Amino acid sequence: MDWWVWVILAVIVLVVLLALAVVVQRKRRRGRVIGLGGGGE
Amino acid sequence: MIPPSETSAILLRARELAGRPVVTLGGELEAEIKDVVFQSDGGRIAGFTLRNEGLFSRARKDALPWHAVHGVGRDAVMIRDAGQLVPAEEIAPKQAARKGNVLDDRVLTDSGRELGTVIDVVLQGGAGLGVVGYEIEASAALGTAGRRVFIPLPDTVAVSGENLIVPASAAEFVSEDLSGFGAAVDEFRTRLREGRDEGAQN
C-alpha cells in the first residue's frame, strides 16, 4: 500500500479512539446516586 | 439556594447536581460534584464525592460531607472552606459505592410488580437534603409505559443489589410532573404512618 493510505488509516483509528474516549468519559461524568446502608432486596 | 439548616420544599433531581462546582465562601473553586451519596435509612444526603474540573479529570480522594455544605445553589454548591473536606472513603466506601448506585436499577413493589427503571432520584430540601422519590421510566404495570414518572418513597429506602423495593401502595401516588410531586410524597407517607399506627393498635 502507498504511504498515504497508512496515514489516512492511522488518522481514522485516532479519531475513533478519541471519540470512544469522549463517550466513555461523558458517561462517567453523569455521576452516580449511591444509597448506603440499611434495606435489602 | 437551599441552606442545610432551613426548611424548604424545593424538589430537585440528584443528577442535576453532578458537575456543579463546589466553591468556598472565599470564592475559590475547589472541585465539581461527582456522585450524590445518601443514607438508605431516612434518605438523608450523607455528602458528595468530588472530581477535578475538565473532561478527562479524575475522581478526587476527598469528599464533601453534608454538614460542611453552606448551601446548594442553582449554579454552585457553597462550602465554608476546603478544610472541611474529608477522605472519600468516609462518605462512600469503595465497595458500598459500587453496589449502591441506584441509577438503572429496577423498581419492584413488595408484592412483586415491576414499576420501571430508575432514571434519577428526587431530593427535597428541608432540615437537610433528603431522598423522597425516584424518577423512573415506567413499565406497562403503571399504564404509562415508556413515560417518565415520579414515584414516592417511604422514610426508609431499601437499596441493595439491582432491585429497589417500594411498598405496593406507592403505585397509587405516581406523579407525572415534579411540581405536584411534593404533595404526592406527603400523602403517601401519611398513608404509611396511618397504616403503621392501625397495625400497632390491632
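**A strand pair and a two-chain contact**

E11(B) and strand E12 (residues 148-152) of chain B pair in the antiparallel sense over 5 bridges. Two strands pair if DSSP finds at least two bridges between them. Strands (E, at least two residues) and helices (H or I, at least four residues) are DSSP runs, numbered from the N terminus. Within this pairing, Glu135(B) has Phe150(B) of E12(B) as its bridge partner. E11(B) covers residues 128-138 and is mostly covered, with 8 of its 11 residues buried. Buried here requires 20 or more other C-beta atoms within 10 Å of the residue's own; exposed means 12 or fewer, partly exposed lies in between, and C-beta atoms are placed from the backbone. In a regular strand the side chains alternate between the two faces of the sheet.

This is a predicted model, in which local features need pLDDT of at least 70, side-chain atom pairs count only at pLDDT 80 or more, and totals for chains, interfaces and linings use all residues. Residues are numbered from 1 along each chain as its sequence is written, while chains are lettered from A and ligands numbered from 1 in the order in which they are written. The model scores ipTM 0.81 and pTM 0.79. pLDDT is the predictor's confidence in each residue, from 0 to 100. Its average over chain B is 85, and 91% of the residues score at least 70. Where pLDDT is low, the predicted coordinates should not be read in detail.

Now take chain B as a whole. It holds 3 helices and 14 strands. Its C-alpha trace spans about 55 × 35 × 30 Å along the principal axes. Of the 202 residues, 35% count as buried. Two residues are in contact if their C-beta atoms, placed from the backbone, lie within 7 Å. Among contacts in chain B between residues at least 6 apart in sequence, 50% join residues at least 24 apart.

Chain A has 1 helix and 1 strand. Its C-alpha atoms fill a box of roughly 65 × 20 × 10 Å along the principal axes. Buried residues are 12% of its 41 residues. At 1.5 Å a residue, H1(A) should span 39 Å, and its end C-alpha atoms are 39 Å apart, so the two agree. The expected span is 1.5 Å times one less than the number of residues. After H1(A) comes Gly31(A), with a positive phi near 80°.

How do the chains meet? In chain B, 31 residues are in contact with 14 residues of chain A. Strand E3 (29-39), helix H2 (94-100), strand E13 (158-160) and strand E14 (163-166) are the elements of chain B that give two or more residues to this side. E3(B) gives the most, with 6 residues. By class, the side has 18 nonpolar, 9 polar and 4 charged residues. Ala, Val, Leu, Ile, Met, Phe, Trp, Tyr, Cys and Pro count as nonpolar, Asp, Glu, Lys and Arg as charged, and the others, Gly among them, as polar.

Strand E1 (residues 33-36) of chain A and E3(B) run in the parallel sense over 4 bridges. Val33(A) stands opposite Val36(B) in E3(B). Arg32(A) lies in the loop between helix H1 (3-29) and E1 of chain A. Is Arg32(A) buried or exposed? Arg32(A) counts as buried because it has 21 C-beta neighbours inside 10 Å. Leaving aside neighbours within four places in sequence, Arg32(A) is in contact with Asp35(B), Asn101(B) and Leu103(B).

Asp104(B) is found in the loop between H2 and strand E9 (106-109) of chain B. Asp104(B) is exposed, with 11 other C-beta atoms within 10 Å. Its phi is positive, about 75°, although Asp104(B) is not a glycine. Most residues other than glycine have a negative phi.

Arg20(B) sits in the loop between strand E1 (11-13) and strand E2 (21-24) of chain B. With 17 other C-beta atoms within 10 Å, Arg20(B) is partly exposed. Beyond neighbours within four places in sequence, Arg20(B) is in contact with Glu32(B), Ile33(B), Ala76(B) and Val77(B).
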